[in-house]
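Please open the structure in a viewer and keep the selection panel at hand.

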Amino acid sequence: MSDLLPCPEFPFFGARYPDATCIDGYLWDLDKCDDGKLYGGGDDPCPFCNTTEFIKQHHDPYPLSGNSVRELKVWIAKLREKYDYKQAPTREHKEGGGDDL
Ligand SMILES: [Zn+2]
């Protein structure tokens, strides 16, 4: 059970058109489809709904040579904006604060 919106299809596997679709939090390659069954993918966490795993898997511990966590977060934020993906609000505000005094 989840309040999350379905994730958009978006370019991920190297195409300029949306070639990735999210199934249960992992991305599958829409170009690798046989008899309506996707056979390529399932290894890359979805940046929309599986952000934590995505960053874990894609960030480079040595940011000089690759994607830093911050760069990935910026990239994800842009992607979400572009596809108008709205998630349930995260608890970004400080804990302990009430709505009013
Ligand atoms: Zn997803």
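A crossing of two helices is called left-handed if the near helix is turned anticlockwise from the far one by less than a right angle, and right-handed if clockwise. Helices (H or I, at least four residues) and strands (E, at least two) are DSSP runs, numbered from the N terminus. The model is predicted: local features need pLDDT of at least 70 and side-chain atom pairs count only at pLDDT 80 or more, while totals for chains, interfaces and linings use all residues. Residue numbers start from 1 along each chain as its sequence is written.

**The whole chain**

Begin with the chain coloured by secondary structure. Two helices and five strands are present, and along the sequence they follow the pattern β-β-β-β-β-α-α.

Select α1 (51–58) and α2 (residues 69–82). Their axes, which are lines fitted to C-alpha atoms over the stretch in contact, with angles from 0 to 180 degrees between N-to-C directions, come within 10 Å and cross at roughly 135°. The two helices are therefore oblique to each other, a word for angles that are not under 35 degrees (roughly parallel), over 145 (roughly antiparallel) or 65 to 115 (roughly perpendicular). The crossing of α1 past α2 is right-handed. Show the side chains of T51, I55 and H58 in α1 and of V69, L72, K73 and I76 in α2, which make the contact; residues are in contact if their C-beta atoms, placed from the backbone, lie within 7 Å.

**The sheet**

Next, select β1, β2 and β5, which form an open sheet in the order β1-β2-β5 with antiparallel pairing; strands pair if DSSP finds at least two bridges between them. Because β1 and β5 stand at the edges with a single partner strand each, one side of each is left without a neighbour in the sheet. From one strand to the next, the twist averages 45°.

Zoom in on β1 and β2, a hairpin with two residues between its strands. In the turn, D24 has a positive phi of about 50°.

**The core**

Finally, select C7, F10, F12, A20, C22, L27, W28, C46, F48, F54, I55 and L72, the twelve residues of the largest nonpolar core. Such a core is a set of buried Ala, Val, Leu, Ile, Met, Phe, Trp, Tyr and Cys residues joined through C-beta atoms within 7 Å. A residue is buried if 20 or more other C-beta atoms lie within 10 Å of its own, exposed if 12 or fewer, and partly exposed in between. At least two core residues come from each of β1, β2 and α1. Centre the view on C22: beyond its neighbours within four places in sequence, C22 is in contact with C7, L27, C46, F48 and C49.

Notes
Two residues are in contact if their C-beta atoms, placed from the backbone, lie within 7 Å.
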